[in-house]
Amino acid sequence: MAMDPHHPTPAYLSFWRERHLCTLTTPRPDGTPHVVPVGVTYDPEAGVARVLANKSSAKVAHVLAATGGEGSGARVAVCQVEGRRWATLEGHARIRTEEAAIAAAMRRYEERYGRVPRPNPDRVLIEITLTRAMGTRSLLEA
């Protein structure tokens, strides 16, 4: 089942506020999926999900390669699961390097995960402009 990621149900939003490890799926240059564990924050008001990453990571390279180095538009998905509950957010990713955007993402990460990310001078932000939200029926029904 799918819904508008800008207007989640209270149950869906609550699930994304809980502390869960997530996965990020990015396309490799050969088209195969690359799936890695990440922390994700979801901002339905802005219509984005955010993932902090190292600029030399494979996930960042995949986003850049999928967009010709422009850093915007790679098709990606983030997902989390707990027991029978699951939720996926899909959208177009771009790489952000602005200090203010990274700092704001770090504050959101700390709020969700209860800890400050370790210092990393090579940190970048994968910002996903959301196009679809999917999940367990119980999370999608109002």
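Buried means under 20% relative accessible area, exposed over 50% and partly exposed in between, computed with a 1.4 Å probe on protein chains only. The structure is a predicted model, in which local features need pLDDT of at least 70, side-chain atom pairs count only at pLDDT 80 or more, and totals for chains, interfaces and linings use all residues. Residues are numbered from 1 along each chain as its sequence is written, and side-chain values use heavy atoms, with hydrogens and water left out.

Helices (H or I, at least four residues) and strands (E, at least two) are DSSP runs numbered from the N terminus. The face of α3 that is turned away from its buried side carries Glu99, Ala100, Arg107 and Glu111, which are exposed. The buried residues of this helix are Ala101, Ile102, Ala105, Tyr109, Arg112 and Tyr113; they lie on the same side of α3 because they cover an arc of only 95 degrees around the axis, the arc being that of the directions from the helix axis to the C-beta atoms. Helix α3 (residues 99-113) has 15 residues that should span 21 Å at 1.5 Å a residue, and its end C-alpha atoms are 21 Å apart, which agrees; the expected span is 1.5 Å times one less than the number of residues. After α3 comes Gly114, with a positive phi near 75 degrees.

## Helix α2

In helix α2 (residues 58-66), Lys59, Val60, His62 and Val63 are buried. They cover an arc of only 160 degrees around the axis, which puts them on the same side of α2.

## The nonpolar core and the aromatic cluster

A nonpolar core is a set of buried Ala, Val, Leu, Ile, Met, Phe, Trp, Tyr and Cys residues joined through side-chain atoms within 4.5 Å. The largest one holds 36 residues, and those with the most contacts inside it are Tyr12, Trp16, Val78, Leu89, Ile126 and Ile128. Strand β8 (residues 123-135) gives the most to this core, with six residues. If contact is taken as heavy atoms within 4.5 Å, and residues up to four places away in sequence are not counted, Val78 touches Trp16, Thr23, Leu24, Val40, Ala49, Val51, Ala87, Thr88, Leu89 and Ile128.

Rings of Phe, Tyr and Trp (its six-membered ring) pair if their centres lie within 6.5 Å, with planes under 30 degrees apart counted as stacked, over 60 as edge-to-face and the rest as tilted. By this rule there are three aromatic pairs. Among them, Trp16 and Tyr42 are edge-to-face, at 5.9 Å centre to centre and with 65 degrees between the planes. This pair links distant parts of the chain, since Trp16 lies in helix α1 (residues 10-17) and Tyr42 in strand β4 (residues 41-43), 26 residues apart. Both Trp16 and Tyr42 are buried, and together with Tyr12 they form one aromatic cluster.

## Buried polar residues in strands

Gln80 lies in strand β6 (residues 72-82) and counts as buried at 1% relative accessibility. A polar atom of the Gln80 side chain lies 2.9 Å from the backbone oxygen of Phe15. Leaving aside neighbours within four places in sequence, Gln80 is in contact with residues including Phe15, Trp16, Arg85 and Arg112.

Thr41, in strand β4, is buried with a relative accessible area of 6%. Not counting residues up to four places away in sequence, Thr41 touches Val48, Ala49, Arg50, Arg108, Tyr109 and Arg112.

How values were computed: Polar contact = N/O pair within 3.5 Å; in protein donor to acceptor, adjacent residues only side chain to side chain.
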